[in-house]
Amino acid sequence: MRRKLINRRYWLRLAGFFVFALSVALLSLPLLLGFLTSLALVYAPCFETAATPTDYGYEWEDVTLAARAGGAFRGFFIPGNNRAAIIIPPAGANGRSARLGEAIVLRRNGYSVFMFESRRCAGMGPLSLGYQEVNEVADALAYLQTRPEVDPHRIGIHGFSSAGATAVMAAARLPALRAVVAEGGYGDFTENALGSSRRAGLAGYFDRLYRWSSQLTYRLVTGNHLEQLSPINVIGEIAPRPIFLIYGSREVSLPGGRQQKLAAGDNAELWVVTGAGHGNYLEVAPQEFERRVVAFFDQALR
């Protein structure tokens, strides 16, 4: 009888330890996932290609700019002939050639274009996913204002994905940017990228742990708050300068685009490209893309 009692206590203790270990593991998993998600985003490796405007038959200049954030970054300056210029910031950890397709559309229609590499490619530390990158946009803007080919009152910005968010936040902070095209960017990073925290029960608890861990990691690495990654909160400050939002009908960030349109009001136009996903608007509707984007900048920067 005594041996049976000891064996029972042993198995109860073992079961209790197993339940405890399982609970710790389940609680740790969303914390670990949040930590790893933020690190993967801000320390993404540079993605660079060898493409240049020469591949499309256009002349260009290799430019290196000192960054007010520290360090330096490289860019392509493609001179145009209509005295207006467009800045194309990099999305995520991309290099300066990532959106050459859009750049060539603009150059073909007379615009000078300046496109530059990401902080990761420039060795300038982690990404901030759009917020601090406004500093590089300001550096590019200051550079273009010194170019004899460019009228300093006719400069716009065209960004995709996280750079679409950067374009909106940059225009809110930099009045010299006279027009904004933003493709596929998040409306509010916490809501659009980290998902909802409104689920009930254990699933909702895990969601909140994951979000808290992501936010804390991002703050410790970048010194900023994820809540600052919210074009919705600042897009209304751009008026009366015009905004053109472009999203695919199949991309998950489309709700963020609709929210930005509502926040900007009549100052913004939203074009939903039927059948397009994230980033392939030019491929899906090349003629309409060129017509709409060029008409927008022609009207805004005439």
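Are Phe73 and Phe116 buried or exposed? Phe73 is buried, and Phe116 is buried as well; the points below start from this pair in what is a predicted model.

1. Aromatic pairs. The structure holds 12 aromatic pairs. One of them joins Phe73 and Phe116 in a tilted arrangement, with 5.1 Å from centre to centre and 50° between the planes. Since Phe73 belongs to strand S2 (residues 72-78) and Phe116 to strand S4 (residues 112-116), the pair ties together parts that are 43 residues apart in sequence.

2. An edge-to-face pair. The ring centres of Phe160 and Tyr281 are 6.3 Å apart and their planes stand at 70°, so this pair counts as edge-to-face. It links distant parts of the chain, with Phe160 in strand S5 (residues 155-160) and Tyr281 in helix H10 (residues 281-284), 121 residues apart. Both Phe160 and Tyr281 are buried. The ring of Phe160 also has the charged end of Arg99 over it, 3.9 Å from the ring centre.

3. Further aromatic contacts. Tyr111, Phe244, Trp271, Phe289, Phe296 and Phe297 form one aromatic cluster. Separately, the charged end of Arg173 sits over the ring of Tyr131, at 4.2 Å from its centre.

4. The structure holds 14 salt bridges. Among them, Glu48 pairs with Arg74, the closest N and O atoms being 3.0 Å apart; Glu48 lies in the loop between helix H1 (2-42) and strand S1 (61-66), whereas Arg74 lies in strand S2, 26 residues apart. Glu61 forms a salt bridge with Arg147, with the closest N and O atoms 2.8 Å apart, and because Glu61 lies in strand S1 and Arg147 in the loop between helix H4 (134-144) and S5, this pair ties together parts that are 86 residues apart in sequence. Glu61 is partly exposed at a relative accessible area of 33%, while Arg147, at 12%, counts as buried.

5. A salt bridge within a helix. Arg292 forms a salt bridge with Glu288, the closest N and O atoms being 2.8 Å apart. The two residues are 4 residues apart in helix H11 (residues 286-301), and are therefore separated by about one helical turn. Glu288 counts as partly exposed at 30% relative accessibility, and salt bridges that share partners join Glu269, Glu288, Arg291 and Arg292 into one network.

6. A nonpolar surface patch. Leu31, Trp212, Leu216 and Leu220 form a nonpolar patch on the surface, with about 400 Å² of accessible area together. Helix H7 (residues 201-222) supplies the largest share of the patch, 3 residues. Trp212 lies in helix H7 and is partly exposed, with a relative accessible area of 48%.

Notes
Residues are numbered from 1 along each chain as its sequence is written. This is a predicted model: local features need pLDDT of at least 70, side-chain atom pairs count only at pLDDT 80 or more; totals for chains, interfaces and linings use all residues. Side-chain values use heavy atoms; hydrogens and water are left out. Patches are made of residues with over 30% relative accessible area and no salt bridge: like charges are joined within 9 Å, nonpolar side chains (Val, Leu, Ile, Met, Phe, Trp, Tyr) within 5 Å. Accessible areas come from the Shrake-Rupley method with a 1.4 Å probe; for residues, only the protein chains shown count as cover. A salt bridge is a side-chain nitrogen of Lys or Arg within 4 Å of a carboxyl oxygen of Asp or Glu. Buried means under 20% relative accessible area, exposed over 50%, partly exposed in between (1.4 Å probe, protein chains only). Rings of Phe, Tyr and Trp (its six-membered ring) pair if their centres lie within 6.5 Å; planes under 30 degrees apart count as stacked, over 60 as edge-to-face and the rest as tilted. A charge sits over a ring if NZ of Lys or CZ of Arg is within 6 Å of the ring centre and within 35 degrees of the ring normal.
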